[in-house]
Amino acid sequence: MPRPFPGVRPIGKPFWLMLPGVAWLLVFGLAPVAFMVAVSFWRSSIFGTTPDFVFDSYARIIEEPLYLDLIVKTLRMAALTTLLSLLVSYPLAWFLATRRGAWKAVWLVAVFVPFWISYVVRTFVWLPILGRNGLINQSLMALGITDAPVEWLLYNEGAVYVGLVYVYTLFMTLPIYLALGRIDPKLLEAAADLGARPWQTFRHVVLPLSWPGVLSGCIMVFLLAVSAYVTPRLLGGTSGIMLGNMIASQFLSNNNWAMGAALSVTLVGIVGALLLVTGRWIGIAEVFTGGKK
Amino acid sequence: MTTHAFGRRAALGLAGGAALAAGIGPASAQERRLVAVMPGPFLPNGARAILERQINARIENLPYVSPTDTAAKLMAPGGTSRYDLMYSTTGFIQAPVLRERAGQELARPLDLSKIPNAAKISPLFQSEITKRGDNTFMLPVVWGYDSVVYDRDRIPENDPLTQSWGLLFDDKYAGRVALRDDPYQSICLTALHLGIRSPETMSQADLNRVTQFLISKKRNFRTIWGSFAEAVNLMSSREVDAIFGWIPMRAALQAQGRNVTNNWPREGLLVFTHSAFIPRESRNVELAHAAINGALSDEFGKQLGEETQYPVTNANVAASFSAEDQARLGYDVEKRGIPLHRYAFPAAMDRWIEAWGRFKAA
C-alpha cells in the first residue's frame with residue numbers, strides 16, 4: 001500500500017500522544033465522579049463532612065418515598081422534554097438543512113443567536129412573557145379574547161416544559177441538522193423516481209439516515225433536562241421541583257454533602273442503566289462510534 | 001536594526017501591559033485589601049465608601065450565598081486563610097464556627113481592645129455575642145427581621161390579616177401571595193402560624209402537621225421565589241400582592257414608588273443578627289479588626305440604615321433616628337408587644353428539607 005506522505009517515516013505507535021487526552025479525562029472526567037462517589041459514603045453534619053464509610057445516605061434514599069417520587073418525576077419530565085424538543089427541532093433542522101445560499105447562513109445565525117445569551121436570562125425572559133401582566137396576557141386582553149389574565153400560563157409544570165424545550169432546542173437541532181446535511185440529495189430523487197410518496201421517503205430514507213443525529217440530540221437533551229435546576233425553580237412555582245433542586249438544597253441549605261452526593265450518584269446510576277437498556281434496541285452505539293460498526 | 005528596535009519597544013510595551021493587567025506595580029503593591037464574605041446589602045456603595053475610608057483599604061466582598069455556604073467555605077481546605085472577614089446569620093453559624101470543643105474554632109478570638117465600638121452594642125443584642133470561655137469569637141453587627149411585605153394599594157392595611165402570617169395562608173388572598181423557596185424560613189413561619197412556639201425543636205408529628213398544612217394551602221401560593229431580584233420583580237410587576245420578604249425588598253419597592261410596607265405578625269416576628277468574625281488564619285487580622293470596629297461605628301450604621309433600611313446593633317444609631325423613623329425602620333420591635341423569634345439551626349434540618357420537598361412534589 002503506497003504511503004500517503006512520501007518521505008515521511010512512521011514513528012511506530014505513539015501512545016504517548018494520547019497522554020494529554022487521557023490526563024484530561026482522568027482529571028476532569030473521572031476524578032470528580034470518583035470523588036462524588038466517595039463523598040456519598042461519608043457522614044455529614046453541621047460541623048462538616050467526615051470521611052467515614054457508611055451507607056446512611058443511601059439508606060435514607062431507600063426508606064423515604066419522597067426520593068423515589070422525585071426520581072420518577074424527574075425522569076418523566078426529562079423524557080417529555082426530550083420528546084417535545086424532538087418534535088420542535090426536527091422540522092427546524094429540516095428547514096435549515098434545505099436552505100441554500102446566503103439565506104441559509106442568516107437562518108443558522110437566527111437559530112444560534114439566542115444561545116449566546118446566558119441560560120438564566122433565557123429562562124428569566126419567560127416571566128414577563130407568560131406572567132399575569134405579561135406580554136401574552138396583555139395581548140389577549142387587548143384583542144378582547146380574554147377579560148382577565150390567564151393564570152395558568154406560568155408557575156406550573158407546563159411552564160417548566162416551555163422553558164426546558166426552549167433552552168435545549170439547539171442541542172437537539174444541531175446534531176439532526178448535521179445528520180440531515182450529510183444525506184445525498186440524489187437518494188431523495190431516486191426514491192421519488194421509484195414512486196415513493198413524501199412520507200415514504202421520510203420514513204424509509206430520511207429518518208434512518210438522520211437517526212444517529214436524532215439519538216445524539218435526544219441523549220444530550222435528556223441528560224441536560226434530567227439535571228435541570230434553574231428552569232424548574234424559576235418557572236415551576238410551587239411545583240418546580242426536580243431531583244436537581246433537592247440535590248442543591250442538600251448542599252446550599254443543609255451542608256449535607258454526603259446526601260447531595262448520594263442523590264447525584266443514584267441519578268447517574270439510574271440514567272446510566274436506562275441508556276444501557278434502551279441503547280440495545282435503538283442503536284445507541286452508533287452515536288458513540290460515529291456510525292461505524 | 002529597525003526590526004529589533006521595534007521588537008524591543010513592543011516587548012517593553014507588552015511587558016508593561018501585562019504588569020498592569022496582573023496588578024503588578026508600585027501603586028497596587030501598596031494597596032491594602034480586605035477579602036470579605038458578607039451579604040451584598042450590608043455593604044451598599046455609600047456605606048462601603050465610609051468603611052473603606054475608615055480602614056484605609058479596599059474591601060473585596062466575595063459572593064455570599066447562605067450560612068451553610070459560609071460554613072462550607074470555612075471548612076474547605078485552606079478555607080480559614082482565604083478570607084479576612086466573614087459575616088453570617090448568628091444562630092446558624094455559631095456551631096460550625098465554634099465546633100464541638102475549645103481549640104477547634106474556625107475563627108480567631110477577637111481582640112476587643114481593637115474594637116472599641118463593641119461597647120456600643122445595644123443590650124438587646126448582648127446575648128448574641130458569641131463567646132467561649134473568656135474569648136469572644138463573633139460580634140453581632142447588623143440585625144433585621146423577616147415578615148410579610150405587602151402592597152397597601154391592593155391589600156387594605158386595616159385588614160386584621162395583615163398583622164398575621166395568615167396573610168400568606170388565608171383563602172381571601174389566594175393566588176396573590178408568594179413564599180420563599182427556602183425550607184427553613186417557610187417551615188418556620190408556618191409553624192409559628194400554627195402556634196408552635198419553638199419550631200427548631202418541634203417533633204416529627206408537628207413537622208408533619210406543618211407539611212400537611214402547607215400542602216393544603218399550596219394552591220394559595222402563586223409561586224415561591226428564590227432570589228432577591230425575583231421577589232422584588234414579583235411585587236413590582238403586580239404578579240403578587242404580598243410576599244414573605246426582607247427589609248431591603250421593602251426598601252427597593254418603596255424606592256420604585258410602590259406603596260408597600262411590612263407586617264408585624266402577632267404569632268412571632270422572625271428576627272436575626274448577622275455576626276462578624278475573623279477566620280482563624282486570616283492574613284489581615286489588624287485590618288479585619290478595624291473593619292469590624294468600623295462596621296460598628298455610628299457613621300457607618302446611620303448610612304447603612306439610610307441606604308438599605310437594615311438596622312444595626314449599635315445603640316447610638318438607633319437613638320439618632322426620630323421616633324417616626326425608628327418605627328419605620330423597625331427599631332421599635334421590642335415595644336410592639338409581639339414575640340420575637342430568633343433564627344436558629346433546626347435540630348433535624350434533614351427532615352425539614354424533606355418536608356419542603358414533599359410540599360413541592362405534592
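Q: In which sense do strand β1 and strand β2 of chain B pair?
A: Strand β1 (residues 33–37) of chain B and strand β2 (residues 58–62) of chain B pair in the parallel sense, over five bridges; two strands pair if DSSP finds at least two bridges between them, and strands (E, at least two residues) and helices (H or I, at least four) are DSSP runs numbered from the N terminus. Within this pair, B:V35 has B:E60 in β2(B) as its bridge partner. This is a predicted model, in which local features need pLDDT of at least 70 and side-chain atom pairs count only at pLDDT 80 or more, while totals for chains, interfaces and linings use all residues. Residues are numbered from 1 along each chain as its sequence is written, and chains are lettered from A and ligands numbered from 1 in the order in which they are written.

Q: What unit do β1(B), α3(B) and β2(B) make?
A: Together with helix α3 (residues 45–55) of chain B, the strands β1(B) and β2(B) make a right-handed β-α-β unit, right-handed meaning that, with the strands pointing away from the viewer, the path from the first strand over the helix to the second runs clockwise.

Q: How do α3(B) and α11(B) cross?
A: Two packed helices are described by the angle between their axes and the distance between the axes. Here the axes of α3(B) and helix α11 (residues 285–295) of chain B come within 9 Å and cross at roughly 135° (lines fitted to C-alpha atoms over the stretch in contact, with angles from 0 to 180 degrees between N-to-C directions). The two helices are therefore oblique (under 35 degrees is roughly parallel, over 145 roughly antiparallel, 65 to 115 roughly perpendicular, the rest oblique). B:L51, B:Q54 and B:I55 in α3(B) meet B:L287, B:A290, B:A291, B:G294 and B:A295 in α11(B), with contact taken as C-beta atoms, placed from the backbone, within 7 Å.

Q: Which residues meet where α3(A) and α15(B) come together?
A: A:L66, A:D69, A:L70 and A:K73 in α3(A) meet B:E354, B:G357, B:R358 and B:A361 in α15(B). The axes of α3(A) (residues 65–97) and α15(B) (residues 349–361) come within 10 Å and cross at roughly 45°, and the two helices are therefore oblique to each other.

Q: How many residues does each chain give to the contact?
A: Chain B gives 34 residues and chain A gives 27. On the side of chain B that touches chain A, α15(B) gives the most, with eight residues.

Definitions and conventions:
Two residues are in contact if their C-beta atoms, placed from the backbone, lie within 7 Å.
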